[in-house]
Amino acid sequence: MAKVICITNQKGGVGKTTTSVNLAYYLAKDKNRVLLVDIDPQGNATSGLGVDKSNMDASMTEVMLGVASLADILVQTQFKGLDLAPTTPQLANAEVELAGMKGKFVVLKRVIEEQSENYDYVIIDSPPSLSLLTVNGMIAANYLLLPVQTEFYALEGVAQLLESMAMVKKAMNPDLKLLGVLATMYDKRTSLSSEVLAEVKKYFKEKVFETTIPRNVRVAEAPSHGVPVGSYDKFSKGAKAYRDFAREVEERAKI
C-alpha cells in the first residue's frame, strides 16, 4: 500500500507546489513508483510537469465529482516511475458541487485507495487554503508535510492549520501524522532567514527537516520549462537540497 503524503499550507507562495513536484521526482528517481495528485485548482503541479491543461478530456475535476475514475485520467510523465493525476481551474467550480454531495469529505481517500497498490508513494498537492479539497487531502493522507518559508510571517496561520489537522485526526483520520516541516526559500546570507528558521525549530522542534531549501534561481526557473529542478539543472543548489530532502522523507516515512 502506498504511503500518502499531503503537502499543505494555507499561505500561498511558500513553495508548496515546488516541493510537491520535486519530492515526487526524486522519490521516483530513487526507484519508487510515485503518483502526484494535483488538487490545487491553479494546476501548477500539472504544468510544472509539462502537461498541457488545455488539452485534457478529464482531470481531477471529473474524478472528484464521480464521473471518472482515477485510472481514467492518469498521465505517465516523461520521468520514469512518476505518474500524474492532473487538474484544471474547473476544479474550483467542482468544489461547490462537491459541497452538496454525500461523503464529500472522503471522495479523495476512496479514489486513491483504488490505486494504492500500484504505488509506493502518493503525493497530494493541495490548495493554499483550508478548503473542502484540502480537508479531502488530509483525510486521504497518512502524513502531512508542511513547507514554511523562512521569511516574515512564516508561522502565520500555522496554528489554525494544526487545529484543522487535529480535528481531522479526531473525527475522520486517527492515523494522520505530521511527517515534518520543511524550511523553504532559505537565504543563509540574511539574519532574517536564520532568525525565522530558529523560530520554526523552536515551535516544531524535531519535526523540522534537517534539509533546508535555499533561494535558488534554478528552482524558480524550472517550472516554466515544465520540469523539476533536478531535470532542469541537477547540479544546482536547489536540486541537491530537494534530493537530500527526499531521502529524509523516505527515512521518516519508514517509521
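**Exercises on aromatic rings**

Tyr-25 is buried, at a relative accessible area of 6%. Keep in mind that the model is a predicted one. Let's work through some exercises together.

**Exercise 1.** How many aromatic pairs are there, and which type of pair do Tyr-25 and Phe-79 form?

*Solution.* The count comes to 6 aromatic pairs. For Tyr-25 and Phe-79, take the distance first: the ring centres are 5.3 Å apart, and the limit for a pair is 6.5 Å. Next comes the angle: the planes make 85°, and over 60 degrees counts as edge-to-face. Tyr-25 and Phe-79 are therefore an edge-to-face pair.

**Exercise 2.** Which parts does the pair of Tyr-25 and Phe-79 tie together?

*Solution.* Start with Tyr-25, which belongs to helix H1 (residues 16-29). Phe-79 is found in the loop between strand E3 (75-76) and strand E4 (82-85). The pair therefore links parts that are 54 residues apart in sequence. Tyr-25, Tyr-26 and Phe-79 also make up one aromatic cluster.

**Exercise 3.** Is Phe-79 buried or exposed? And what about Tyr-203 and Phe-204?

*Solution.* Buried means under 20% relative accessible area. Phe-79 has 12%, so Phe-79 is buried. Tyr-203 and Phe-204 form an edge-to-face pair, with 4.8 Å between centres and 65° between planes. Within this pair, Phe-204 has 7% and is buried, whereas Tyr-203 has 42% and is partly exposed.

**Exercise 4.** Where does the charged end of Arg-252 sit?

*Solution.* Look for the ring of Phe-209: the charged end of Arg-252 sits over this ring, 4.1 Å from its centre.

Conventions. Residues are numbered from 1 along each chain as its sequence is written. This is a predicted model: local features need pLDDT of at least 70, side-chain atom pairs count only at pLDDT 80 or more; totals for chains, interfaces and linings use all residues. Side-chain values use heavy atoms; hydrogens and water are left out. Rings of Phe, Tyr and Trp (its six-membered ring) pair if their centres lie within 6.5 Å; planes under 30 degrees apart count as stacked, over 60 as edge-to-face and the rest as tilted. Helices (H or I, at least four residues) and strands (E, at least two) are DSSP runs, numbered from the N terminus. Buried means under 20% relative accessible area, exposed over 50%, partly exposed in between (1.4 Å probe, protein chains only). A charge sits over a ring if NZ of Lys or CZ of Arg is within 6 Å of the ring centre and within 35 degrees of the ring normal.
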